[in-house]
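Open the model in your viewer and keep the selection tool at hand. Each stop below says what to pick and what is there.

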Amino acid sequence: MILPVLEGRNILLRAPRDDDAIPLARYLNDYGVSGNLARVPFPYHLADAKAWLRSRRPDTTPDDANFSIELEGSGYVGHIGFHPGARGPVIGYWLGRPFWGQGLMSQAAQLCVDWFFQTSEAPAIYSGAFHFNAASLAIQGKLGFTETSRSWLLCLARGAEVEHIDTKLTLGVWKARRT
């Protein structure tokens with residue numbers, strides 16, 4: 001399946017492109033951003049961004065789909081996507097620090113979750129956040145994710161295992177919230 005373009009009020013979700021590398025590296029080379037993510041090292045270099053972008057494909061399955069987030073007038077501002085997890089598809093996301101607190105990720109996450117459940121046959125989406133990331137947990141709460149457990153997860157940027165709040169959104173909850 002070729003990734004679609006998902007449009008919101010002032011954002012666009014699209015397949016990652018090579019020209020995302022410079023802003024991708026700039027925003028992830030901020031410990032305030034990368035320190036909230038499990039799979040991103042710090043420092044984060046342009047070579048890291050280019051290598052990651054080479055691994056992305058516009059023709060993929062929903063549980064491995066990734067979208068660049070474009071803000072009208074600003075271009076690339078962050079990322080949202082899925083990866084296969086032990087229990088099922090996992091959604092992860094981040095925004096560059098200049099774009100925090102504007103409701104952009106709530107909008108992007110709603111678009112992405114809606115697309116995922118309309119496209120896949122998965123019974124649930126998994127996610128979570130490190131215990132100190134209240135903003136990410138608030139976004140998940142707005143979408144209907146509920147806490148399922150707590151675990152310890154390696155944060156590459158921090159170089160340590162960090163307490164992680166594990167969450168889940170079921171297809172049934174998603175459907176009920178849409179009506």
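Select helix 1 (residues 21–28) and helix 3 (residues 46–54): their axes come within 8 Å and cross at roughly 125°. Helices here are DSSP runs of H or I with at least four residues, and strands are E runs of at least two, numbered from the N terminus. Axes are lines fitted to C-alpha atoms, for helices over the stretch in contact, with angles from 0 to 180 degrees between N-to-C directions. The two helices are therefore oblique to each other (under 35 degrees is roughly parallel, over 145 roughly antiparallel, 65 to 115 roughly perpendicular, the rest oblique).

Now show the side chains. Helix 1 makes the contact with Ala21, Ile22, Leu24 and Ala25; helix 3 uses Leu46, Ala49, Lys50, Trp52 and Leu53. Contact means heavy atoms within 4.5 Å.

This is a predicted model: local features need pLDDT of at least 70, side-chain atom pairs pLDDT 80 or more, while totals for chains, interfaces and linings use all residues. Residues are numbered from 1 along each chain as its sequence is written, and side-chain values use heavy atoms, leaving out hydrogens and water.

Next, pick lysine 168 in strand 8 (residues 160–170). Beyond four places in sequence, its contacts include Tyr126, Phe145 and Thr148.

Finish at valine 113. Among the residues it touches, leaving out those up to four places away in sequence, are Ile91, Leu143 and Trp174.
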